[in-house]
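Here is a friendly walk through a few local features of a model. Have the sequence and the coordinates open as you read along.

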Amino acid sequence: MPVYSVSHVENVRVCVVMVGLPARGKSLIAQKIVRYLSWLSIKSKCFNVGNYRRELAKDVDASHEFFSPTNAVGTQYRRQAVEAAIEAMMHWFNDEHGVVGVLDATNSTRARRDEILQLCRTNSIEPMFLESWCDDENLILHNIIDVKTTSPDYQGQSADFATSDFLKRIKHYESTYEPLDRDHDRQLTFVKLVNVNSQIMLNRIESYLESRIVYYVMNLHIRPRTIYLSRHGESEYNLTGQIGGDANLSERGWKYAKKLPELVLKSLGEDAPHTNLTVWTSTLKRTQQTASFLPYKKKLSWKALDELDAGDCDGMTYEEIEQKFPEDFKARDDNKYEYRYRGGESYRDIVIRLEPIIMELERQENILIITHQAVLRCLYAYFMNIPQEESPWMSIPLHTLIKLEPRAYSTLVSRLKADIPAVSTYKEKGTSQLGEAEGAKSVKSRDIINESPCS
């Protein structure tokens with residue numbers, strides 16, 4: 001492999017090298033690490049070798065024979081894909097000042113891992129190996145179902161063919177697989193997840209970044225689950241255009257609260273009788289009132305889910321803020337993510353207080369979160385990897401249930417709108433008026449939530 005020189009390294013950079021057989025949740029874990037670190041403003045990117053392989057061998061049959069160690073053509077393409085992914089990653093580290101790169105591949109032999117180790121060390125990048133080892137057949141089968149329904153390799157193929165072919169692909173990798181071992185690999189920095197998180201082995205975790213990554217992956221599970229997001233029903237403050245406060249629901253807001261159980265049941269579908277759903281709200285009245293008709297026993301209130309603290313502007317309308325604090329009004333429009341209200345919070349502050357929520361959320365299975373506009377923007381940005389400069393401008397309307405289904409290659413998104421009118425609380429950039437204007441400058445960002453699922 002070629003060597004990529006760097007002239008100066010100011011901070012520790014980390015390359016997370018995924019290790020493990022197919023259908024062990026590596027891609028899901030890799031994507032989650034990138035989303036988590038990016039959400040915390042740590043510049044991160046995933047380099048999926050499979051994507052490079054599909055581009056290089058787009059006219060070649062990618063059935064299981066392609067992955068046989070005895071298939072010379074397949075071996076050559078897969079080698080080229082690894083080198084292309086690594087080259088792109090090294091350029092990203094050096095030219096775009098990347099901090100954490102995740103190399104998503106099987107990296108199943110010691111020879112391959114040694115090459116990556118030496119390349120990273122030569123370029124002053126700390127290699128951290130992360131293996132997902134699994135012998136839980138039910139978990140593997142769930143992962144295969146996930147892969148066959150979302151992987152580009154099996155588009156247009158029948159479910160039976162995809163499952164059978166993928167099992168054969170795994171057998172090819174098993175023939176050469178060399179797991180990480182505490183004795184043989186004692187000089188490496190590595191994390192070994194056994195059956196996701198039933199057992200976790202850590203070795204030589206030394207830097208702050210490595211510790212943050214370890215803390216995060218220790219809270220992960222890769223079982224299929226669904227996360228529902230909803231704003232509270234329309235409130236009395238929404239009707240008057242005031243921000244913040246602890247107002248009660250409006251008449252239409254109460255109608256949404258009564259309608260919400262039906263929306264959830266419709267979204268759950270056939271799984272409804274078998275689904276244990278936990279409901280989380282903020283400590284404010286409008287979210288707890290919205291949850292009051294839900295039949296689920298597990299309901300928790302979190303202070304961390306409270307709306308953005310508007311400080312001195314609490315209870316004011318945007319018109320009043322523009323008149324009383326014109327410089328602040330403009331500063332917030334110029335950099336909405338970083339702007340902190342006088343005596344209050346910024347979107348960045350919300351992200352910081354939401355981190356424990358994210359950790360707990362990753363440990364859970366099916367959750368319904370009823371909270372506020374700014375908080376939901378931050379949560380949605382986490383799951384969908386939305387850039388920080390875009391997330392505060394997303395439109396998340398009232399009386400809408402958002403369903404998120406994290407997958408290995410994407411997060412599936414669907415929305416159910418209640419047939420109950422509500423005011424718009426969206427403020428376009430450059431105006432103090434509420435409502436979404438056609439052709440406005442922020443149309444790109446406010447439409448993010450309506451776009452196709454992102455990987």
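The side chains of D153 and R53 are joined by a polar contact of 2.9 Å; such a contact is a pair of N or O atoms within 3.5 Å, where, within protein, one must be able to donate a hydrogen and the other to accept it, and residues adjacent in sequence count only if both atoms are side-chain atoms. The table sets this pair beside a second one.

| Side-chain pair | Polar contact |
|---|---|
| D153 and R53 | 2.9 Å |
| D153 and R54 | 3.1 Å |

This is a predicted model, in which local features need pLDDT of at least 70 and side-chain atom pairs count only at pLDDT 80 or more, while totals for chains, interfaces and linings use all residues. Residues are numbered from 1 along each chain as its sequence is written, and side-chain values use heavy atoms, with hydrogens and water left out.

D153 itself sits in the loop between α5 (137–150) and α6. Its relative accessibility is 14%, so D153 counts as buried (under 20% relative accessible area, with exposed over 50% and partly exposed in between, using a 1.4 Å probe and protein chains only). Setting aside neighbours within four places in sequence, D153 is in contact (heavy atoms within 4.5 Å) with R53, R54, A62 and R169.

Both arginines of the table bring us to helix α2 (residues 49–56), where V49, G50, R53 and R54 are buried. They cover an arc of only 135° around the axis, which puts them on the same side of α2; the arc is that of the directions from the helix axis to the C-beta atoms. Helices (H or I, at least four residues) and strands (E, at least two) are DSSP runs, numbered from the N terminus. The cover over these buried residues includes β2 (44–48), α3 (72–95), β3 (100–104) and α6 (159–174). At the start of α2, a side-chain oxygen of N48 comes to within 2.9 Å of the backbone nitrogen of G50.

Now for a helix pair elsewhere in the model. Helix α7 (residues 208–217) packs with helix α13 (residues 347–363) at an angle of about 45°, their axes 9 Å apart. The two are therefore oblique to each other. From α7, R212, Y215 and Y216 meet E355, I358, M359 and E362 of α13. These contact residues divide into 4 nonpolar, no polar and 3 charged.

Finally, K285 belongs to helix α10 (residues 285–290). With a relative accessible area of 36%, K285 is partly exposed.

Conventions. Axes fitted to C-alpha atoms, helices over the stretch in contact; angles between N-to-C directions. Parallel < 35°, antiparallel > 145°, perpendicular 65-115°, else oblique. Nonpolar A, V, L, I, M, F, W, Y, C, P; charged D, E, K, R; others polar.
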